[in-house]
Amino acid sequence: MNPLTERFSACLWIKRLQAGNGSPFAYNKYEIFMVDDGRYSGGLFGNYNLHGDRSSTFPPKGSWYSYCITWSLASGTSRIYINGKLVNAATTPSGRTLQTGGTLILGNYLPNGYHKFGGELYNFNMFSKELTATEVANLSTIGLCTEIPEHLEEFRVIRWEDILKLSRSGTVTDIDLRCGPILEMRSRLKEVENKTLLTQRKLEVALSEKSDLELSLNKTKTELTEVGGLFNSTQEELVGVQRDLEASQRELNETKVELEDTKSELNETKVELEDTQLDLEDTKSELKNVSDSRCALVKGNLTKWDIFYTPDYYNKIFTRRLYQQLRESWDSLSSQLFGVTMTDKIIKLIKNLDDEQNCGEL
């Protein structure tokens, strides 16, 4: 199916230079047509159902204006726009579609018709789409050299640049509207606009990242504050532990001193014990001598007074002076052993040495 059968839009720029009722364009005679006679007259499907008046709405002779006619089977309405503004609309027959196989003519409604257009035409395009009012307005926003928006390119089935390549009949002259520099400038402006948009998007991304960084920074600051609080608390605990350690060290030092003192005392006690051991050994030796003398006396080997003898006094004449010396020696020994003077007791024992058991009692 032809894409224009159920919907289309036809748009072009027109400048009327001669009076009359010339037709800027027509398709298949009256299937689609326009007559510029100082007002807009046109229609669809053979009906002059779109007429205007010679009011301020219609541009005067010698000036450029944009003209669009739109229609779709779905809407059942045809509309005419002048310079992007809706000026008229009409209902089309229900179920009627655009006939295909016809001829599109620019500058007349028939190849040799009498509705020759005296003026200039520019940028005629047909779209397989019923353009919206906004889309029509965008085709004339910046004047004669307005470019076709990119989103409409896919619907542009008849292109002005292709028409310029076709053969012509009648008096047709190509003119230069000098849109090239303007289009080039617009292209540059478009590039600048694109770069500006790109920069703007980058700026938005940067601002978003900045916002995220600020949130992250604030979060980090909060965490650092919490860590700082924990650090201060831990530091206070460490100071307390340090004080406890210092106190423990002092106690250890004091204990060490006490241990040194105890060690010194133990060493002194050891020396005393060693001295006492020597004294005990000496005492034991003396006791053995006394015991040997006493037991010898029991056996009849010694006189009764030999018990007082020590090795230093053996074989000496027993005199009162010798007795006194022996007594003092024995008193000293008994005092060391028993804490009392035992001379009298020993003398008594000496007198009763007849029984061998006395030797054990001594």
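This section describes the fold, sheet pairing, cores and disulfide of a predicted model.

Residues are numbered from 1 along each chain as its sequence is written, and side-chain values use heavy atoms, with hydrogens and water left out. Because the model is predicted, local features need pLDDT of at least 70 and side-chain atom pairs count only at pLDDT 80 or more, whereas totals for chains, interfaces and linings use all residues.

The secondary structure comprises six helices and eleven strands; helices (H or I, at least four residues) and strands (E, at least two) are DSSP runs, numbered from the N terminus. Of the 362 residues in the protein, 31% are buried, where buried means under 20% relative accessible area, exposed over 50%, and partly exposed in between (1.4 Å probe, protein chains only). The accessible surface comes to about 23,800 Å², and carbon and sulfur atoms account for 52% of it; these areas come from the Shrake-Rupley method with a 1.4 Å probe, and for residues only the protein chains shown count as cover. Among contacts (heavy atoms within 4.5 Å) between residues at least 6 apart in sequence, 60% join residues at least 24 apart.

Six strands form an open sheet in the order S8-S7-S6-S1-S10-S11, with antiparallel pairing. Two strands are taken to pair if DSSP finds at least two bridges between them. Strand S8 (85-91) and strand S11 (156-158) stand at the edges with a single partner strand each, so one side of each has no neighbour in the sheet. From one strand to the next, the twist averages 25 degrees; axes are lines fitted to C-alpha atoms, for helices over the stretch in contact, and angles run from 0 to 180 degrees between N-to-C directions.

Within this sheet, strand S7 is largely enclosed by the rest of the structure, because five of its six residues are buried. S7 pairs with S6 in the antiparallel sense over six bridges, and Thr70 stands opposite Arg79 in S7. The S6 and S7 hairpin has four residues between the strands, and in it Gly76 takes a positive phi near 65 degrees. Six bridges also join S7 to S8, again antiparallel. Here Ile80 stands opposite Asn88 in S8, and the bridge partner of Ser78 in S8 is Ala90. The hairpin of S7 and S8 has two residues between its strands, with Asn83 in the turn at a positive phi of about 50 degrees.

Asn83 is also among the contacts of Ser140, which, leaving aside neighbours within four places in sequence, touches Trp13, Ser66, Asn83, Gly84 and Thr146. Ser140 lies in the loop between helix H1 (133-138) and S11. This residue counts as buried because its relative accessibility is 15%.

Strand S2 is mostly covered, with six of its six residues buried. S2 is joined to S3 by four bridges in the antiparallel sense, with Gly22 opposite Asp36 in S3. Four residues separate S2 and S3 in their hairpin, and Asn28 in the turn has a positive phi of about 55 degrees.

A nonpolar core is a set of buried Ala, Val, Leu, Ile, Met, Phe, Trp, Tyr and Cys residues joined through side-chain atoms within 4.5 Å. The largest such core has 28 residues, of which Phe8, Phe25, Ile32, Tyr67, Ile69 and Phe124 touch the most other members. Two or more residues are contributed by each of strand S1 (7-16), strand S2 (22-27), strand S3 (32-36), strand S6 (64-72), strand S7 (77-82), strand S10 (119-127) and helix H2 (160-163). S1 gives the largest share, five residues. A second, separate core of nine residues includes Cys11, Phe127, Val136 and Ile148.

Cys11 also takes part in the one disulfide of the structure, a disulfide being a pair of cysteine sulfur atoms within 2.5 Å. Its partner is Cys68, at an S to S distance of 2.1 Å. The link of Cys11 and Cys68 is right-handed, with 125 degrees about the S-S bond. Cys11 lies in strand S1 and Cys68 in strand S6, so the pair ties together parts that are 57 residues apart in sequence. Both Cys11 and Cys68 are buried.
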